Amino acid sequence: MTNKGVFDLKGYLADKKAVVDEALHEYFPQPEGLASDMIEAMRYSLFAGGKRLRPILCVAGAEAVDGSATDVLPVACSLELIHTYSLIHDDLPAMDDDALRRGKPTNHKVFGEAIALLAGDGLLTEAFHLLTAEELAARISPHVILKVIRMIAGAAGYDGMVGGQTVDIQWEGKTADLPIVEYIHTHKTGAMITVSVTSGAVLAGGSGWQLQSISDYGEKIGLAFQIADDILDIEGDSIAMGKTAGADNQKEKTTYPGVLGLEESRKIQSELVKAAIQSLKKFDQRAEPLRQIAQYIIERKK
Ligand code: GRG
């Protein structure tokens, strides 16, 4: 695990995804009782085959400061629940009106709009239920858990993902400039990615400089991730991505390639990845997964 030649990122991502998927299956309710249709709808999107990038970042953030997956699994899973809720709501007719997500028909196409809306609400609420799990409180001090809950609520809310989504929708069809697209991307996508990696490091007891460096890393890869997503929307393949390619252009979305062009966008994403890796310069080989995930974020095909 000491350098790029030896570390197997593909294997690492597959292993951590399996650990996260197993925990999600363990934590998540079965479709029982009178509200079972809504629980089925939550499960449909949660287990539709996401990359689990946010939980993996949480685990890798913990490992970088000598923690482990076991320390952070409920938090890692809660991040995936919030992410999945955002995708269900994002696909609704009132938002992006998409038909395909994670390679399957979108939640509202299968369960109807009302149940899809409620499934998103259920996932968001269940995330905070999971954040107060006894399993976590048995390992981590309440003070640290409270701090992490506050960080996650901030990143998911009005000054994070929901704020970014608001500006994204309000700027559709308008000519935006760099500060606007930067606001959208850092809030809509970057905030949750940053909190994913930082929360892992906080839970694992990272020191002041470690948390600052990991937070800088998160901000840089968060922005690079959404720029890569914009580029994939132009160049990617719907089947490989599991969602409709070309949707941004069709909806006249505010994107980096739209504002700066493809070449400049590619340049910026590469610089962000370099800077993200540089943020980790004081870390040892335990941060190797984070370094390589940074590169993977702009090289991925889905
Ligand atoms: C509050 C009503 C209401 C809705 C909120 C905030 C929000 C809806 C949506 C914003 C979230 C969003 C769609 C951000 C885009 C980020 C993005 C590129 C998502 C895809 O992430 P991946 O590639 O997907 O990690 P997988 O499927 O692999 O998890």
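How many nonpolar, polar and charged residues does the shell around the ligand have? The shell has five nonpolar residues, seven polar ones and seven charged ones. Before I go further, please note that this is a predicted model.

Let us stay with the ligand. There are 19 residues around the ligand, and those that come nearest are Lys51, Arg54, His83, Arg102 and Gln165. Arg54 has a polar side-chain atom 2.7 Å from an oxygen atom of the ligand. In the side chain of His83, an N or O atom is 2.7 Å from a ligand oxygen. For Arg102, a polar side-chain atom likewise lies 2.7 Å from an oxygen atom of the ligand. As for cover, the ligand on its own has 740 Å² of accessible area, and the protein covers 87% of that.

Which elements give two or more residues to this shell? They are α4, residues 69–91, then α9, residues 161–170, α10, residues 178–203, and α11, residues 208–235. The largest share comes from α4, with six residues.

Now the whole chain, briefly. The chain has 16 helices and two strands. Its C-alpha trace spans about 55 × 45 × 35 Å along the principal axes. A compact globule of 302 residues would have a radius of gyration near 19 Å, and the chain has 18 Å, so the two agree.

Next, empty space. Rolling a probe the size of a water molecule over the atoms shows where such space is left.

I will take the second largest pocket first. Its volume is about 300 Å³. The lining of this pocket has 14 residues, and Gly154, Ala155, Asp159, Ala191 and Thr194 lie nearest the centre. Which element gives the most to that lining? It is α10, with seven residues. Each of α8, residues 142–156, α10 and α11 supplies at least two residues of the lining.

Last, the cavities. There is one cavity of 30 Å³ or more. The largest cavity has a volume of about 90 Å³. Its lining has 13 residues, with Ser45, Ile88, Asp91, Arg101 and Asn107 lying nearest the centre. At least two lining residues come from each of α2, residues 36–46, α4, and β2, residues 104–105. Here α4 gives the most, with four residues. The classes in this lining are five nonpolar, four polar and four charged.

For the second largest pocket, the element to remember is α10. That is all I have.

Note on methods:
Residues numbered from 1 in each chain as written. Predicted model: local features only at pLDDT ≥ 70, side-chain atom pairs only at ≥ 80, totals over all residues. Heavy atoms only, no water. Near = heavy atom within 4 Å. Polar contact = N/O pair within 3.5 Å; in protein donor to acceptor, adjacent residues only side chain to side chain. Areas by Shrake-Rupley, 256 points an atom, 1.4 Å probe, with all protein chains shown as cover. Nonpolar A, V, L, I, M, F, W, Y, C, P; charged D, E, K, R; others polar. 1 Å grid on protein atoms, 1.4 Å probe; cavity = no way out; pocket = protein on both sides within 12 Å on 5 of 7 lines; lining within 4 Å. Points joined across faces, edges and corners; volume = space filled by probe spheres on them. Rg over C-alpha atoms; globule rule 2.2 N^0.38 Å.
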